[in-house]
Amino acid sequence: MPFPPGRDRRPDDSVSLAQYRRRAARYDLELMPFEPMRREAIALLDVPAGGTVFDIGCGTGLSFEPLLRRLAPHGRVVGVDPSPEMLALARERARRQGWQGVELLQAAAASALLPQGADAALFHFTHDVLRDAAALDHVLAHLRPGAHVVACGLQWAPFWLLPANLFVLGAALYSVSSLAGLEQPWTLLAKRLQSFEVRPMFWPGIYLAQGRVG
Ligand SMILES: C[S@@+](CC[C@H](N)C(=O)[O-])C[C@H]1O[C@@H](n2cnc3c(N)ncnc32)[C@H](O)[C@@H]1O
């Protein structure tokens, strides 16, 4: 582990709200380099046509289009995010595109009024949520047995890959409320899912993980 992990604790929602209040307007531009990872994560997601997917920490809704394509012709994406600024952009994206299958909940993952029995959940670059046990328990309790869960995001690269770790550090300081858990961001998820695996990615400093609700 190349950097001190800090004390693992429940992520601070007020830090996150302030971060995304500042970032919302330029967020889509900043995320462009990460789009190949998004495509890979969503391609991995096992979703039935016409099913329901939770996009937890959906931000401005960059995952909606590829998710709706996976669910075609009539699936439903439930986007959850506590940031009013990020969610306003997500809402505007859905309105502009005329997507009927997008529902948005402005809430932290731990307290969102989720529908019951969804088929899958995506956690794309949502480190704070993945380090929040209560949030994971709440989301997973609203998935059906066997539902597929995919998570993708930042993690420390091996210590000798200094440029990759400088990149992770810069991105994390800018987008998460604590660096704690970045060595293995998926550990809380791994305890709660079956057939859990972390897949090697082409990009150092990025992980892709998947598992199923028991
Ligand atoms: C790096 S952005 C990722 C957005 C989107 N998933 C994407 O891939 O473009 C992290 C998002 O997580 C949201 N977030 C932070 N804390 C959260 C929480 N407790 N519950 C749900 N979302 C949260 C932030 O508001 C922000 O929109």
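## Aromatic pairs, ligand and cysteines in a predicted model

A search of the whole structure finds seven aromatic pairs, where rings of Phe, Tyr and Trp (its six-membered ring) pair if their centres lie within 6.5 Å, and where planes under 30 degrees apart count as stacked, over 60 as edge-to-face and the rest as tilted. The rings of F159 and W160 form an edge-to-face pair, because their centres are 5.5 Å apart and their planes stand at 85°. Both F159 and W160 are exposed, a word used here for over 50% relative accessible area, whereas buried means under 20% and partly exposed lies in between (1.4 Å probe, protein chains only). The rings of W186 and Y207 have centres 5.4 Å apart and planes at 55°, so this pair is tilted. W186 lies in the loop between α8 and α9 (187–192) and Y207 in strand β7 (residues 206–212), so the pair ties together parts that are 21 residues apart in sequence; helices (H or I, at least four residues) and strands (E, at least two) are DSSP runs, numbered from the N terminus. Both W186 and Y207 are buried.

Residues are numbered from 1 along each chain as its sequence is written, and side-chain values use heavy atoms, with hydrogens and water left out.

The ligand is surrounded by 17 residues, of which the closest are Y27, G57, D81, A109 and H124; a residue is near a molecule if one of its heavy atoms lies within 4 Å of it.

| Residue | Protein atom | Ligand atom | Distance |
|---|---|---|---|
| S16 | side-chain N or O | nitrogen | 3.5 Å |
| Y27 | polar side-chain atom | oxygen | 2.8 Å |
| A109 | backbone N or O | nitrogen | 2.9 Å |

The protein covers 96% of the 600 Å² of accessible area that the ligand has on its own, as computed by the Shrake-Rupley method with a 1.4 Å probe; for residues, only the protein chains shown count as cover.

A108 is found in the loop between β3 (102–106) and β4 (118–124), and A108 counts as buried because its relative accessibility is 18%. Leaving aside residues up to four places away in sequence, A108 touches D13, V80 and P82, contact meaning heavy atoms within 4.5 Å. The C-alpha atoms of A108 and P82 are separated by 4.9 Å, although these residues are 26 apart along the chain.

S175 is found in helix α8 (residues 162–175) and is buried, with a relative accessible area of 15%. With residues up to four places away in sequence again not counted, S175 touches Q19, Y20, R23 and L154.

Finally, the structure holds zero disulfides, a disulfide being a pair of cysteine sulfur atoms within 2.5 Å.

How values were computed:
Predicted model: local features only at pLDDT ≥ 70, side-chain atom pairs only at ≥ 80, totals over all residues. Polar contact = N/O pair within 3.5 Å; in protein donor to acceptor, adjacent residues only side chain to side chain.
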